[in-house]
Amino acid sequence: MTGTAVTLRDLEVHYPLGRNMLGTPQVLKAVAGVTLDIPRGSFFGLVGESGSGKTTLGRATLAAAPVSAGRVTVTDRDGEVFDMARLDRAQEKRFRRRAQLIFQDPYAALSPRMTVRDIIAEPLEVMRLCKTRDEVNDRVRAIAAQCRLNIEHLRRFPHAFSGGQRQRISIARALVTNPDYIVADESVAALDVSIQADILNLLKQLQHDLGLTFLFISHDLSVVAHSCDHVAVMYLGRIVEVAPPRRLFAAPRHPYTRALISAIPSLDPDDRGRAERLEGEIPSPANPPSGCAFHTRCPMARDRCRAEAPALRQVGTGQRAACHFSEEMAASSVRTGARAGVPG
Amino acid sequence: MGGLLRVRDLTLSFGTDEGPVTAVDGVSFDLDQGEVLGLVGESGSGKSVTAKALMLLNPSNARYGAESQMTLTTEGREIDILSLKGAKALRQVRGDKISMIFQEPMASFAPAITIGRQMVEQLQLHRGLTRADAKMLSVEMLERVGISEAAKRFDQYAFELSGGMRQRAMIAMALSTKPKLLIADEPTTALDVTIQAQVIELMKELVGEFGMGILFITHDLGVIAQTADRVAVMYLGRIVEHGPVRDVIRRPAHPYTRGLIDALPKLTDLGAPLTPVPGDIPSPLERPAGCVFHTRCPVAEARCRTHVPATRTIRSRHSAACHLVEGVSV
């Protein structure tokens, strides 16, 4: 199946911050004008530092954040279009089956008082998707097997399981209603390295087998690069670059992307200190800089950047970037030895 | 430069309702002044418990093994850490000679006391400085770690600082007492990758300047590669491999170390499949017999299930505890 699963057009999500001294209402623009298409069947990565708005963007695509301006729609596999700003109750009921969220912390996401079977079955029961208890049990067993959970474990409580097993339970619960679109918000961040690869491989396998569309939110560019077929980089509520991961790593066209790549600690001890360090920290989204939001930390910033916000524009095949000086970056080289294979 | 810290056969278990849980099992290592030793391992490997043992900070249900030895040598004087009794004696390893930086700086600063007052208090306590001198030194340290408007920050509370600032303030506070040994427990894990790079850079500068030894605890081999001189890899309370950081990362001897490296996403080959270490970390209540790693090891043999492997030296200062590694028994 082809087409677009999720469409965002100039999306803005604002949160009220009270009033300032003059009594003017203040807002925090968590998402400040995002236009993006997530292709059906893709594993779409969204990266950024804390405070970049990546979680809010993910929630906006699940009707879990207010749409202040612009539009966000999700199209399911039957072609029904759900507009997040105007879901009526019947539509919302259908939408909740079709779109699910996998959380970061598998220790906090599972009720300690429910058995694994009850945790996985709860969405089916709440949404009344099965007529009989046997039907529920069959569905739970089928999805548990697909998530490589042991059927005997279904009677146990979550405390008996390790982080990796718990995350597999969370995934089974998200998939039990047979959704099309999944938002995975930092779903491997809380896991140990040795388990992280296992969960990533499982998510990819399920995506392939069940034809799912994934929005994979992460702060870890190396994880995203390995799993996703498209990557969007977010900074202070805006998308600064979108590209397939190979393209993004070989030739980043936004200085923020380049800095993020070079900040990944290299596994080569002799690669010390060659990274391009970013000065300072991400500014508060309540008081974003003028012009290009990145100019306060950008090594390439000039007068134009302080005055004029750059638009996200095509800079190469399948690659878009929001920088006035993208063309200059195409010429300059980038350090890609980050977390490199180990030289022999 | 001589041996600063010597740990031998450190064994530590916790008494729980479900029986004793072994957290550290026969751990030995040395640390010199001006040296950074990385302690890497996953959750439950016992790396934090080992670090806390050095300051005797583990809860009261901790039982140290009879053979356990921890000796800190500074200024020609040996301190037998396990023999320390009473708050005054313990102060030597809790702030005087050893300082610690924690993962979550928000949880480590008292929320209702200004950063400055906390810094001054510990300087009065450990260095016997007057309030005015302590304030001067604190502001100087805050400036040294790259905090702008240090005098203003001095009077602020932890919540007024950003995550990266807080971690810098934590480092300034830990180093202001001029400790001989700095324990850094996942100091960059809670930070964004761009801030992590700044903090790593800062810590490397400070080792050169202050010459203390650092025990750097992390789960991230990339961070270890960028900071440590030597690395010890822990799994379920044991050091399974130990050696110079280049050797261990380029020629890992233990199957667990190899597994950890293979599980990391490599940016040079985005198409390469990620290889997880099979299985899950066993519960601490069900410690495997023989080699603790045999339940997840791709090359385990019959003897691994029954016999604990000895630590063997593979090459200069590089050792591993695996039956299948060729080497000389230590």
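Okay, let's start with a pair of helices: where α3(A) and α5(A) cross, the crossing is right-handed. Before I go on, keep in mind that this is a predicted model.

So, which two stretches of chain A are we talking about? Helix α3 covers residues 116-126 and helix α5 covers residues 163-175, both in chain A. Their axes are 7 Å apart, and the packing angle is about 30°. Angles under 35 degrees count as roughly parallel, and that makes α3(A) roughly parallel to α5(A). If you want to find the spot on screen, look on α3(A) for V116(A), I119(A), I120(A) and P123(A). On α5(A), the residues they meet are I169(A), A172(A) and R173(A). Sorted by class, this contact has six nonpolar residues, one charged residue and no polar ones.

Let's zoom out to the whole of chain A. I count for you here 11 helices and 12 strands. Its radius of gyration comes to 21 Å, close to the 20 Å that the globule rule gives for 344 residues, so chain A is as compact as a globular protein of that length. Along the principal axes, the C-alpha atoms of chain A fill a box of roughly 65 × 60 × 40 Å.

How is chain A divided? Domain 1 takes 4-235, and domain 2 takes 251-339. Between the C-alpha centres of these two domains of chain A there are 28 Å. Where they touch, domain 1 of chain A puts in 13 residues, and domain 2 of chain A puts in 13 residues. On the domain 1 side, β2 (25-39), α7 (221-227) and β9 (230-235) of chain A each supply at least two residues. The largest share of that side is four residues, and it comes from β2(A). In terms of class, the domain 1 side is made up of six nonpolar, five polar and two charged residues.

Now over to chain B. This one has 13 helices and 14 strands. Here the radius of gyration is 21 Å, close to the 20 Å from the globule rule for 330 residues, so chain B is as compact as a globular protein of that length. The box for its C-alpha atoms, again along the principal axes, is roughly 65 × 50 × 45 Å.

And how do the chains meet? The contact involves 39 residues of chain B and 42 residues of chain A. On the chain B side, at least two residues each come from α9 (193-210), α10 (221-227), α11 (245-250) and α12 (255-263). Which of the elements of chain B gives the largest share of that side? That would be α9(B), with seven residues. The side of chain B that touches chain A divides into 18 nonpolar, 12 polar and nine charged residues.

Let me finish with α9(B) and its packing against chain A. Helix α9 of chain A, residues 255-263, packs with α9(B) at an angle of about 50°, and the axes are 8 Å apart. That makes α9(A) oblique to α9(B). As for handedness, α9(A) passes α9(B) in a left-handed crossing. From α9(A), the contact uses A259(A), L260(A) and A263(A). From α9(B), it uses V193(B), T194(B), Q196(B) and A197(B). By class, this contact has five nonpolar residues, two polar ones and no charged ones.

Definitions and conventions: Residues are numbered from 1 along each chain as its sequence is written. Chains are lettered from A and ligands numbered from 1 in the order in which they are written. This is a predicted model: local features need pLDDT of at least 70, side-chain atom pairs count only at pLDDT 80 or more; totals for chains, interfaces and linings use all residues. Domain bounds come from an automatic or database domain assignment. Two residues are in contact if their C-beta atoms, placed from the backbone, lie within 7 Å. Ala, Val, Leu, Ile, Met, Phe, Trp, Tyr, Cys and Pro count as nonpolar, Asp, Glu, Lys and Arg as charged, and the others, Gly among them, as polar. Axes are lines fitted to C-alpha atoms, for helices over the stretch in contact, and angles run from 0 to 180 degrees between N-to-C directions. Angles under 35 degrees count as roughly parallel, over 145 as roughly antiparallel, 65 to 115 as roughly perpendicular and the rest as oblique. A crossing is left-handed if the near helix is turned anticlockwise from the far one by less than a right angle, and right-handed if clockwise. The radius of gyration is taken over C-alpha atoms; the globule rule is 2.2 Å times the number of residues to the power 0.38.
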